[in-house]
Amino acid sequence: MLAAVVSEADEDAVSGTSVSAKNVAKRSGPAPEGVPLDVLVVDDDPDVRRGVAKVLEHSGLAVATAEHGLAALTMLQARPYRVIVSDVKMPFMNGVQFYDDLKIQYPEMLEQLVFITAWLEDMEIAQFLAQ
């Protein structure tokens, strides 16, 4: 598991944008030349979700979004993603619960999971990300 921290200033810098999900064919191994890496962005804040997606799309990545872990698991049933970027603190299914379900249902995805959060001061979140 990889952990990244996004400060409130970083969140503000990527908010207020729009994005559309792009479909990319299922594949394994490195993406073929000219085919973008597909990323699933999971965040309950629509501004952060759209902002992160826009930044990734501008980098040439294909991006789909989900508003919480449960929605992301539903999307993973339909197709795999090369990378998942997920918030930790979300309703319905938070990042910790999402991680636990991935460990059971899609253990191969754990190494492709990156967490972002503005809640690093929260001791439970900090301990989870430290593992």
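Tutor: Before we start, a residue counts as buried when its relative accessible area is under 20%. Also keep in mind that this is a predicted model.

Student: Which element has the lowest mean pLDDT?

Tutor: That's helix 1, residues 8-13, with a mean of 36. At the other end, strand 2 (residues 38-42) has the highest, 96.

Student: Where is the pLDDT below 50?

Tutor: Over residues 1-30. In the model, that stretch still has 65 contacts beyond near neighbours in sequence.

Student: And what's the mean pLDDT of the protein?

Tutor: The mean is 77, and 73% of the residues reach 70 or more.

Student: Now the rings. How many aromatic pairs turn up?

Tutor: Searching the whole structure gives 2 aromatic pairs. One is Y99 with F128: the ring centres are 5.5 Å apart and the planes sit at 75 degrees, so this pair is edge-to-face.

Student: Why edge-to-face?

Tutor: Because planes over 60 degrees apart count that way, and the planes of Y99 and F128 are at 75 degrees.

Student: Which parts does that pair tie together?

Tutor: Y99 is in helix 4 (residues 95-105) and F128 is in helix 5 (residues 123-130), so the pair links parts that are 29 residues apart in sequence.

Student: Are Y99 and F128 buried or exposed?

Tutor: Both are buried. For F128, the relative accessible area is 6%.

Student: What does F115 do with F128?

Tutor: Their rings pair up too, with centres 5.2 Å apart and planes at 75 degrees, so that's edge-to-face. F115 belongs to strand 5 (residues 113-116) and F128 to helix 5, so this pair ties together parts 13 residues apart in sequence. F115 is buried, at 0% relative accessibility.

Student: So which residues form the aromatic cluster?

Tutor: Y99, F115 and F128 form one cluster.

Student: Last one: what lies over the face of Y81?

Tutor: R79 does, at 4.2 Å from the ring centre.

How values were computed
Residues are numbered from 1 along each chain as its sequence is written. This is a predicted model: local features need pLDDT of at least 70, side-chain atom pairs count only at pLDDT 80 or more; totals for chains, interfaces and linings use all residues. Side-chain values use heavy atoms; hydrogens and water are left out. Rings of Phe, Tyr and Trp (its six-membered ring) pair if their centres lie within 6.5 Å; planes under 30 degrees apart count as stacked, over 60 as edge-to-face and the rest as tilted. Helices (H or I, at least four residues) and strands (E, at least two) are DSSP runs, numbered from the N terminus. Buried means under 20% relative accessible area, exposed over 50%, partly exposed in between (1.4 Å probe, protein chains only). A charge sits over a ring if NZ of Lys or CZ of Arg is within 6 Å of the ring centre and within 35 degrees of the ring normal. pLDDT is the predictor's confidence in each residue, from 0 to 100. Contact means heavy atoms within 4.5 Å.
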